[in-house]
Amino acid sequence: MRMSTVRSPRAAPRQTTTGFDPLAWRRDFPLLQQTVHGKPLVYLDNAATAQKPQSVIDAVARYYRETNANVHRGVHALSERATAQYEAARDKVRGFIHAASVREIVFTRGTTESLNLVAQSYGRSHLRAGDEIIVSHMEHHSNIVPWQLLAEQLRLDIKVIPITDEGVLVPGAYEHLFSPRTRLVALAHVSNALGTVNPVRDMTVLAHKHHALVVLDGAQAVPHLPVDVQELDCDFYAFSAHKMFGPTGIGVLYGKQALLEEMPPWQGGGDMIRTVRFSGSTWNELPHKFEAGTPHIAGAIGLGAAVDYLQNVGMDRIARHDQDLLDYGSERLRRVHGLRLVGTAPTKVGVLSFVMDGIHPHDIGTIVDQEGVAIRTGHHCAMPVMERFGIPATARASLAFYNTREDIDALVAALAKVREVFR
Amino acid sequence: MDLRELYQDVIVDHNRSPRNFRKMADATRTQEGFNPLCGDKLMLYLKLDGDRISDVSFEGSGCAISVASASLMSQNVKGKTLAEAEQLFGRMRALLTGDGQDLDLEALGNLAALSGVSEYPARVKCASLCWHALNAALRPPAQARPAEVSTE
Ligand SMILES: Cc1ncc(COP(=O)(O)O)c(C=O)c1O
């Protein structure tokens with residue numbers, strides 16, 4: 001039944017209270033039109049990776065069919081066209097996060113690589129033994145481990161902002177962690193395990209007062225919220241294309257130009273140099289200094305197409321729909337017998353982590369999958385969060401703008417099957 | 001695929017009331033097991049009388065499949081010799097990985113309830129964890145044994 005609704009014309013939309021019509025947009029996502037185990041697919045694992053609209057798929061395919069050539073290195077027509085498209089994608093990303101200049105947009109493999117870049121390039125060249133880094137207890141492993149590696153290399157100390165039972169940073173705890181040795185604050189804009197939106201603007205102001213830089217992990221923020229890096233005033237901002245409906249293998253590091261200028265390259269190779277001599281080499285200008293080797297050109301172009309797509313839908317509308325669906329989903333799940341939501345911050349995005357009495361998340365995941373409902377179960381690469389809540393894992397439904405109230409209903413119905421199996 | 005082939009009554013029952021679920025103070029051998037992917041943890045205890053396993057117990061936390069598998073295992077290896085237990089490990093590995101076409105399911109008794117697992121690749125590790133722990137515990141501690149077996 002859901003499938004026929006998906007294919008029906010825009011004339012009969014199922015609207016939410018925001019007047020947003022997710023099903024009209026869902027038609028742009030071919031993967032979402034399939035059945036799984038004989039049931040219409042209900043994809044609620046968007047925080048792991050989001051699906052791709054036809055326009056992104058087409059942009060990548062068209063690049064390989066019509067344009068493929070290496071960038072920044074040929075005078076022939078294809079190379080010039082590929083370079084232009086690659087750099088146009090960079091400018092789209094710049095506009096999307098409101099950065100001042102394309103020089104501040106470095107293409108990477110994703111959030112993980114972006115954070116490692118900051119740690120190894122900025123961290124290694126600017127931090128000294130005894131310096132301190134502040135992170136939060138709700139970080140993804142990719143915003144913990146790069147700092148641990150750096151801490152080992154340089155003998156730094158890592159301080160952790162604790163979280164409350166709701167999954168909010170403990171009020172007041174943050175400011176007490178600063179010392180004259182604090183150099184860096186590395187923080188999730190939005191938590192992938194809890195959905196919490198952190199007050200990163202205010203936290204950045206405080207960090208700057210203490211002369212510490214701020215690195216934001218925006219992986220879960222960019223698909224849900226409008227992001228303006230100049231307004232946030234963060235020093236670095238990292239995110240992945242694949243969570244914002246773009247290709248895998250491509251992501252972004254935004255950095256303030258003055259900082260990027262003074263940072264050493266972190267990988268050497270082609271494209272990142274100006275001159276190479278055995279007596280020494282000189283570096284290319286920003287952002288190419290940080291893009292050694294042939295980049296993921298098709299990925300960048302696909303990311304550019306994802307930005308176009310999101311701007312067409314409208315990030316404000318996406319954010320409103322996300323809140324509407326989150327409210328509905330929280331309400332429905334709260335009424336499921338024996339279910340407890342993990343992460344109930346007053347400011348959240350559409351991430352619904354939960355546990356059920358006496359039933360392990362893995363069993364929940366397998367059983368709802370048989371109903372066509374795709375959710376994630378496990379520690380969500382946030383083991384410290386699981387430890388904090390004293391649970392081995394959670395089940396997590398994570399929403400995108402193409403999800404509907406009916407998707408939540410399908411999840412709730414599938415959870416009834418879970419109860420049945422374990423009755 | 002019918003879910004009931006995975007969650008057979010025996011599995012649901014052993015998950016709800018796991019057998020031999022306790023610490024063993026006077027165990028001859030202990031072995032830890034860990035599944036990093038799902039966070040399943042297990043501590044296996046064996047008591048040996050010569051080369052016979054006179055008692056088995058376990059503790060830990062995990063999904064229904066991993067708890068039921070450990071519970072069923074504890075019932076089935078109690079009283080076996082080390083060599084017999086090792087043979088059983090081989091048969092169960094074949095069953096769980098879908099390599100068990102030649103196995104005599106009837107001879108496996110209630111362990112046959114785990115035969116549906118191989119159809120769910122993501123769950124094979126859950127059911128295998130305790131068996132890998134057993135296999136490690138069958139060797140004497142003198143032969144350098146891993147402090148912890150892992151399904152990775
Ligand atoms: C909050 C957060 N940070 C970082 C990452 C890592 O992203 P990627 O694996 O794309 O590098 C993720 C994705 O799982 C995430 O959710």
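Predicted model: local features only at pLDDT ≥ 70, side-chain atom pairs only at ≥ 80, totals over all residues.
**View 1. Strands β16(A) and β17(A) run antiparallel and are joined by 3 bridges.** Residues are numbered from 1 along each chain as its sequence is written, chains are lettered from A and ligands numbered from 1 in the order in which they are written, and side-chain values use heavy atoms, leaving out hydrogens and water.

**View 2. Now meet the open sheet of 4 strands in chain A, ordered β13-β14-β17-β16 with antiparallel pairing.** Its edges are β13 (339–342) and β16 (376–378) of chain A; each has a single partner strand, so one side of each has no neighbour in the sheet. On average, neighbouring strands of this sheet are turned by 30° against each other, direction ignored. Helix α12 (residues 315–334) of chain A packs on the sheet and touches β13 and β14 (351–356) of chain A. The direction of α12 makes about 5° with that of β14(A). Contact means heavy atoms within 4.5 Å. Axes are lines fitted to C-alpha atoms, for helices over the stretch in contact, and angles between N-to-C directions run from 0 to 180 degrees.

**View 3. An open sheet of 7 strands in chain A has mixed pairing and the order β4-β10-β9-β8-β7-β5-β6.** Here β4 (105–108) and β6 of chain A are the edge strands, each with a single partner, so one side of each is left without a neighbour in the sheet. From one strand to the next, the twist averages 20°. Helix α5 (residues 111–126) of chain A lies across β4, β8 (213–217), β9 (236–240) and β10 (251–255) of chain A, and runs at about 150° to β9(A).

**View 4. Look closely at β5 (residues 132–136) of chain A, which pairs with β6 (residues 157–161) of chain A in the parallel sense over 5 bridges.** In β6(A), K159(A) is the bridge partner of I134(A). Between β5(A) and β6(A), the chain passes through helix α6 (residues 145–154) of chain A, and this β-α-β crossover is right-handed. That word applies if, with the strands pointing away from the viewer, the path from the first strand over the helix to the second runs clockwise. Strand β5(A) also pairs in the parallel sense with β7 (residues 182–188) of chain A, over 3 bridges. There, E132(A) stands opposite T182(A) in β7(A).

**View 5. Helices α3 (residues 54–67) and α4 (residues 77–97) of chain A pack at an angle of about 160°, with axes 11 Å apart.** That makes α3(A) and α4(A) roughly antiparallel, a label for angles over 145 degrees, while those under 35 count as roughly parallel, 65 to 115 as roughly perpendicular and the rest as oblique. In their contact, Y63(A), E66(A) and T67(A) of α3(A) meet L78(A), R81(A), A82(A) and Q85(A) of α4(A).

**View 6. Helix α3(A) also packs with α11 (residues 297–313) of chain A, at about 150° and with axes 8 Å apart.** The two helices, α3(A) and α11(A), are therefore roughly antiparallel to each other.

Key
Pairing = 2+ DSSP bridges.
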